[in-house]
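Subject: Structure for you to look at

Hello,

Here is the structure I said I would pass on. Please have it open while you read the notes below it.

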Amino acid sequence: MMTGTGEYPAKRKKLEVLNRAWFILAALWFSLLLLPFKGLKPALILFFVLSAVILFMQYIAGFVRVLTARLHALTGRFKAVSLSHTTSLTVRASFLAVLMVLPFLAQDYFLDVVVLTGIYIILALGLNVIVGFTGLLHLGFAASYAIGAYTYALLNTKAGLGFWYSLPVCAGLAALSGAVIALPALRLKGDYLAIVTLGFGEIVRLILNNWDTFTGGPNGISGIAVPYFFGITIGRLGLHYYITLMAVVLTYVVVKRVRRSKTGRAWIAIREDEVCAATMGVNTMRYKLYAFAFGSFWAGLAGALFAVKMQFVSPESFTFIESVLILCMVILGGLGSIPGVIVGAIILVMLPEVLREVQTYRMLALGAGLIIMMIFRPQGLLGGWGDERRETKDE
Amino acid sequence: MFFQQFINGLTVGSVYALIALGYTMVYGILELINFAHGEIYMLGAYLGIIFFGFFTLTGLTSYSLSLSLALTIILSTAFCSAYGMTVERIAYRPLRNAPRLSPLISAIGMSIFLQNYVMLTQGATDKVFPHIFSTGGFTLFGATATHLQTVIILFSLVLMVSLHLFIRRTRMGKAMRATAQDRIMASLVGINVDTVIIVTFVIGSGLAAVAGIMVAMYYGLVNYSIGYMAGIKAFTAAVLGGIGSIPGAMFGGILLGLVESLGAGYISTEYKDAYAFMVLIVILLIRPSGIFKKSAEEKV
């Protein structure tokens with residue numbers, strides 16, 4: 001570490017100056033790009049701010065390097081000292097107990113956000129099966145979510161069916177929709193698959209938007225009934241909270257179990273090396289189909305919960321951006337890591353609520369975050385498989 | 001009605017073709033779906049409105065309309081090319097050897113970023129491009145092609161032919177074809193692959209910018225969210241003609257424009273946007289290599 005610093009001081013100095021000049025040029029470049037959109041003054045401000053930031057970053061670069069190394073060591077240790085079985089059980093039990101009594105402690109607003117977080121956790125866990133476990137990029141996940149929500153909305157408002165009877169139908173239909181999208185997955189790979197799923201998502205949204213007589217068109221469906229819960233009356237919000245909590249726990253347990261089963265291992269095998277998996281006797285087509293159906297099943301469940309929570313559904317809630325948002329949760333937490341995607345969902349739902357003032361910059365930050373994440377930490381916050389694959393480039 | 005829809009479809013189709021060229025060129029060289037390409041087109045439309053507005057404000061437009069229009073196109077193209085280069089440098093180059101999903105996700109991130117960047121800097125309301133072309137036109141088989149439509153079709157044609165000549169006849173074009181065939185081999189024979197990729201992005205973004213300005217003139221209205229749908233449609237066009245193939249993209253774009261406008265005329269306008277997706281899905285299922293490519297070799 002020490003060698004090399006003192007050897008060619010003159011050359012080093014020159015390099016540093018050159019580097020600095022490059023950075024200033026970069027700052028100039030970005031402000032030039034901003035110029036037509038915002039005018040001269042903001043462009044100049046951007047230039048000075050960027051230059052200052054870049055110079056400052058260069059100044060503290062060494063410090064940051066030490067810090068990230070420390071952080072890496074820390075996260076590594078965090079993983080190494082995983083809790084023993086009994087302690088982890090107590091931790092989990094007490095965590096669940098806190099969640100059980102939360103409606104009596106928290107404010108309505110907070111509870112509302114928690115319910116929304118729960119719905120997104122289910123969605124992220126479902127998408128994680130497809131993208132994280134099986135390695136198939138799905139860009140139309142909101143379609144399955146929409147199918148779940150609309151199924152409940154229609155069954156409830158048109159057929160008068162209750163929540164608990166509709167729920168299996170919602171999840172089942174969503175799973176079926178997943179299987180329908182998966183049919184092309186049996187033939188296509190990589191990017192093409194992603195585009196077909198995207199197209200499917202858009203077609204579903206366009207149908208919901210245009211089939212006025214059945215889905216209510218852009219106006220959506222309102223007046224969806226609140227479910228009964230063993231005759232207990234604890235207020236609308238509390239009710240949603242408990243139903244969502246139950247669904248989240250169910251999703252978590254089932255997904256975790258299936259991940260460890262033969263099916264789950266087959267998914268991972270397909271993700272790691274499809275050809276190899278096929279050679280070892282995994283029926284890749286069938287398991288890909290399972291992954292899509294199983295993952296979409298949870299989207300249907302989440303959709304029904306969303307319809308109940310909002311008591312209103314419209315196509316606007318199920319756009320492409322929604323699919324991307326769920327994908328971001330999976331990527332942020334770590335592709336394939338179950339605790340990771342839960343953390344990802346919590347962060348992406350809670351953070352914008354906390355940072356109310358910067359709400360307008362939310363999507364901007366999301367886009368930038370995706371790029372930064374892919375470049376600097378593709379494995380996500382809690383470490384999925386993103387980095388393991390760096391060495392074995394496919395093709 | 002058929003000929004009217006045909007002319008409308010041809011106009012929209014040549015715009016799709018211009019955008020599709022950017023997709024197909026980038027895919028040919030990097031095997032990457034440049035998701036942000038639709039946003040570059042949207043940036044082009046905005047830049048066109050901004051520069052034209054600037055020239056109107058400074059009085060150049062009333063002095064010479066054609067000069068200010070030409071300057072608008074040149075400046076917007078230059079800026080869009082700069083944006084395209086920057087997108088490549090930031091979002092794609094660091095991920096060139098990463099797993100295939102990573103650059104795709106980063107491209108989606110870039111697309112969201114650019115969309116919101118324009119929304120924040122320019123506002124969420126529609127922007128208007130002033131009417132500068134007279135409403136008259138040629139009448140052919142009972143259908144009217146306005147002057148603007150004629151200009152769009154002809155200008156696109158000129159650009160496409162010159163791109164074709166550039167790819168076929170120049171040294172740089174040869175380098176691009178070599179890089180598309182085999183990137184590593186191309187670098188071994190002394191082609192600077194980085195330069196080739198930058199040139200690809202510059203040309204693709206420039207064409208998208210021209211498409212953006214022409215659409216802004218054609219519809220008169222521009223919104224920060226137009227890039228997404230146009231991007232998908234152009235991508236469909238590229239796939240339709242066989243992604244990676246430049247004549248394929250031109251043909252695919254025009255075909256898609258015709259399908260869309262005839263579908264809107266004869267079946268239903270409400271599902272206008274869905275036709276592109278349906279064409280895309282059907283093509284990918286039946287003939288994923290596109291209409292022109294002979295056979296798709298599957299890489300394992």
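**Glu31 of chain B and other single residues**

Glu31(B) counts as partly exposed because it has 17 C-beta neighbours inside 10 Å. On this scale a residue is buried if 20 or more other C-beta atoms lie within 10 Å of its own, exposed if 12 or fewer, and partly exposed in between, with C-beta atoms placed from the backbone. Glu31(B) sits in the loop between helix H1 (2-30) and helix H2 (37-58) of chain B. Helices (H or I, at least four residues) and strands (E, at least two) are DSSP runs, numbered from the N terminus. The phi of Glu31(B) is positive, about 50°, although the residue is not a glycine. Most residues other than glycine have a negative phi, and most peptide bonds are trans.

Before going further, two notes on the source. This is a predicted model, in which local features need pLDDT of at least 70 and side-chain atom pairs count only at pLDDT 80 or more, while totals for chains, interfaces and linings use all residues. Residues are numbered from 1 along each chain as its sequence is written, and chains are lettered from A and ligands numbered from 1 in the order in which they are written.

Chain A has a residue of this kind too: Gln311(A), not a glycine, has a positive phi near 55°. Gln311(A) lies in the loop between H13 and strand S2 (312-313) of chain A. It counts as partly exposed, with 15 C-beta neighbours inside 10 Å.

Val151(B) is in helix H6 (residues 147-169) of chain B and is partly exposed, with 15 C-beta neighbours inside 10 Å. Val151(B) and Phe133(B) are 18 residues apart in sequence, and their C-alpha atoms are 10.0 Å apart in space. Ile73(B) belongs to helix H4 (residues 65-92) of chain B and is buried, with 21 other C-beta atoms within 10 Å. Leaving aside its neighbours within four places in sequence, Ile73(B) is in contact with Val210(B) and Ile213(B). Two residues are in contact if their C-beta atoms, placed from the backbone, lie within 7 Å. Phe52(B) is 21 residues from Ile73(B) along the chain, with 9.0 Å between the two C-alpha atoms.

**The two chains**

Chain A has 16 helices and 2 strands. Of its 395 residues, 39% count as buried. Among the contacts in chain A with a separation of 6 or more, 76% are between residues 24 or more positions apart. Chain A is divided into domain 1 (9-68) and domain 2 (98-390); these bounds come from an automatic or database domain assignment. The centres of the two domains, taken over C-alpha atoms, are separated by 40 Å.

Chain B has 12 helices and 4 strands, and 52% of its 300 residues count as buried. Of the contacts in chain B between residues at least 6 apart in sequence, 77% join residues at least 24 apart. The C-alpha atoms of chain B fill a box of roughly 55 × 45 × 40 Å along the principal axes.

**Core and packing**

Which residues touch the most other members of the largest nonpolar core? They are Leu123(A), Ala124(A) and Met329(A), in a core of 196 residues. Helix H13 (residues 284-310) of chain A gives the most to this core, with 16 residues. A nonpolar core is a set of buried Ala, Val, Leu, Ile, Met, Phe, Trp, Tyr and Cys residues joined through C-beta atoms within 7 Å. Leaving aside neighbours within four places in sequence, the contacts of Met329(A) include Tyr120(A), Ala124(A) and Val341(A).

In helix H11 (residues 262-272) of chain A, the buried residues are Gly264(A), Ala266(A), Trp267(A), Ile270(A) and Arg271(A). They are on the same side of H11(A), because they cover an arc of only 160° around the axis; the arc is that of the directions from the helix axis to the C-beta atoms. The buried residues of H11(A) pack against helix H5 (108-133), helix H10 (236-260), helix H12 (274-279) and H13 of chain A.

**Where the chains meet**

Between the chains, 39 residues of chain A are in contact with 45 residues of chain B. H8(A) gives the largest share of the chain A side, 11 residues.

Regards
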